[in-house]
Amino acid sequence: MSVRIALIAILSLLAAGCAGMHIENTPLPAGDSNPERRTADPAGPDRPVILMTFSGGGSRAAALAEAVLREMSQTRYIASDGPHALTEDVKLISSVSSGSVTAAWFGLHQGPGHWDGDLDGLREDFLAKDNMAALELDAVNPITWFGLVTGRITRIGALEALFNERLYHNLTLATLNQPGRPFIILNATDMAGGETFAMVPRRFDDICAKYDALPVASAVAASAAFPILLTPVGFEDYSDGCRGRLRSGEWIKIDLSQPPYPPNPYTPYLNLGEYKDARYSNDLRHGLNPFRRIDYLYFLDGGLADNLGVKSLRSALISTHDDARILRAINAGRIQMLVVVVVNARSDPPNKLYQQMRQPGLVQQIQAVTSVPVDANTANSETALAALLSELAQAAVGASGQAKFANLRVYGITVDYDHIPADTPAHIRLRDRAKNVPTSWTLSPAQLQVTEEAGRFLLRSHPCYAALLSDLHAAEPLGGEQPTPTIPCATRIDIKPGSGPSS
C-alpha cells in the first residue's frame, strides 16, 4: 500500500468519528412547486422512443455508457421528418453510481448541434483524466486534512468538487429539467431504509425540497457515494410545515387505503411493489400512520439497491403516477417503437479465491459483501425487466385491431460483457481484457480503449439492435459490422397474432 493510499485510509477513519453533516438540499419556498417539464413522447409517428439504464462500476461504467451512446449517435436513419441520429430519440436514462456521470453529462449537452451529447467533451474532461490522482492530491492537501478532521468538509465533498470542477460547473437540476431534454433519473440508495431514491421532481415533492435548486454535482455524488470509501450525502426532509405546492398525493391514500378511502385489506396483495412505494412516499411526507419517522436522509451508491437503475425505468413504464407516463403514451398509440437499452458494466474478473487454500482475509470479505449481493440483485432486475418487456410485446401481439397499441414493437437490448462470445481468440482477448478493467475513477488509455471497443462490439452484435436498425433502414457508422439478425429478437414484435411469442 502506498503512503498516499494509507494516508487516505487514516484520514477516512479520523473523519468518520468527527465529521459534521452538510445538508445538500433546500426547502421548497412557500407557494412554489416542482414542475416536471419533460415528456417522453416520440418526436414523430415513425420514430422510436429509446429508454436506457446505466449501471455502476467506476470510470469503466461511465466509459461503457459513453461508448454505447457514441455508437448510437453515429447510426443514422431517415424518418418522415428527415434524417436523424439514434441519440435524438433517447427519452429517458435511469442511472446509478458512476453511470450517473455519463447520464447527467448527456442530459446537459444533448440537443441541436450536439445530438451525441458532446461525448468528446466527456471523454476529454473526465474519462481520459487521472481522477484518482486529483482525489489523492486533494487528500494530502493540509487544508483538506484540517477540514476532514474538524468536520468542515467530508470525503464525499472531494468527489463532488471533482465532478463540479471537471464536468458540471455549478449547473443545477433545473438545467436538466427543461422541455426537449430526456428524463435523466439519477438514483441513490436511502441508507436507512434501503429504498431507491430517484432524483426526480415527484420525489422532491415528497420531502418538500426544491428540485431545480440542487447542483447536478451533488445529485451525481449522491448516486455514486460508494460505502466505506465515501461518506453519505445528507438531505433534510422538510415535510413538517411544508408550504410548497405539492402534486396530488391521492394515489398514496388510495394504495394505503387511508381516509377518505374505504379500507381494503387486499391492497398489499394486489401490488406489493406499489403499496411499498406508496408507504415510502407517505413516510417521506409525514403522512397518516407513518411506518417510519423520516427527518433526515443519508444517500449512498444507488447500485446498492439496484445496480442497473431498472426500478425507476419500470416505474416509468408501468406506474400510472410516474411523470414520464410512458404506459399512457403506449396505450394511446403515440409510441409505436419502444427500445430499452440496458448497459451493464459488471466486470466479473477471474476470482483467485477459487485457488486459495487459506482463509479469506478482511479485505476479501468486505469485497464479497459489497459485490456479491449487488450482482445477485442485478440478475434479478434483468430477469424482471425482460419479463415486463415480454408482457408488453405479447399484449401488443394479442391485441385487437381497435387497440391503439396493437402495432407496438418492443426491442430489449442488453449490453453485457458476458455476451462477448468465446468463438475466436480475438473475442476471447476482448472479453478478458474488458472484464479485467478495475472499478476505479481512473482508466489508463488502454483500459479506456478496450472498454469503448467492447461497448461498440456488444451493441452492434446484439440481435435486437440489428433488428431495430433493419426496421429503421438505418445506416451504421463506417466500419460497422452491419449484422443481419440470424435469430428472432426475443421481444421484437415480428410474429402474427395467435402464433405465440418469438423464442
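Let's start with helix α2, residues 58–73, and helix α18, residues 445–461. This is a predicted model, so keep that in mind throughout. How close do the axes of α2 and α18 come, and at what angle do they cross? They come within 8 Å, and they cross at roughly 45 degrees.

Now look at who touches whom. From α2, the contact uses Arg 60, Ala 63, Leu 64, Glu 66, Ala 67, Val 68, Glu 71 and Met 72. From α18 come Leu 448, Thr 451, Glu 452, Gly 455, Arg 456, Leu 459 and Arg 460. What classes of residue make up this contact of α2 with α18? There are 7 nonpolar, 2 polar and 6 charged residues.

Next pair. Helix α3 covers residues 99–109, and helix α10 covers residues 216–223. Their axes are 9 Å apart, and the packing angle is about 155 degrees. An angle over 145 counts as roughly antiparallel. Therefore α3 and α10 are roughly antiparallel to each other. Which hand does the crossing have? α3 passes α10 in a right-handed crossing.

The residues in this second contact are quick to list. α3 brings Ser 100, Val 101, Ala 104 and Leu 108. α10 brings Val 216, Val 220 and Ser 223. By class, the contact of α3 with α10 has 5 nonpolar residues, 2 polar ones and no charged ones.

On to the strands. Find β9, residues 337–344. Is β9 mostly covered or mostly open? Mostly covered: 8 of its 8 residues are buried. Follow the side chains along the strand. Met 337, Val 339, Val 341 and Val 343 point one way from β9. Leu 338, Val 340, Val 342 and Asn 344 point the other way. Both sets are buried.

Which strands pair with β9? One is β1, residues 49–54, which runs parallel to β9 and is joined to it by 6 bridges. Another is β10, residues 409–416, also paired in the parallel sense, over 8 bridges.

Let's finish on one residue, Val 343 of β9. Phe 54 stands opposite Val 343. In β10, the bridge partner of Val 343 is Val 415. And Val 343 itself is buried.

Conventions. Residues are numbered from 1 along each chain as its sequence is written. This is a predicted model: local features need pLDDT of at least 70, side-chain atom pairs count only at pLDDT 80 or more; totals for chains, interfaces and linings use all residues. Side-chain values use heavy atoms; hydrogens and water are left out. Buried means under 20% relative accessible area, exposed over 50%, partly exposed in between (1.4 Å probe, protein chains only). Helices (H or I, at least four residues) and strands (E, at least two) are DSSP runs, numbered from the N terminus. Two strands pair if DSSP finds at least two bridges between them. Axes are lines fitted to C-alpha atoms, for helices over the stretch in contact, and angles run from 0 to 180 degrees between N-to-C directions. Contact means heavy atoms within 4.5 Å. Ala, Val, Leu, Ile, Met, Phe, Trp, Tyr, Cys and Pro count as nonpolar, Asp, Glu, Lys and Arg as charged, and the others, Gly among them, as polar. Angles under 35 degrees count as roughly parallel, over 145 as roughly antiparallel, 65 to 115 as roughly perpendicular and the rest as oblique. A crossing is left-handed if the near helix is turned anticlockwise from the far one by less than a right angle, and right-handed if clockwise.
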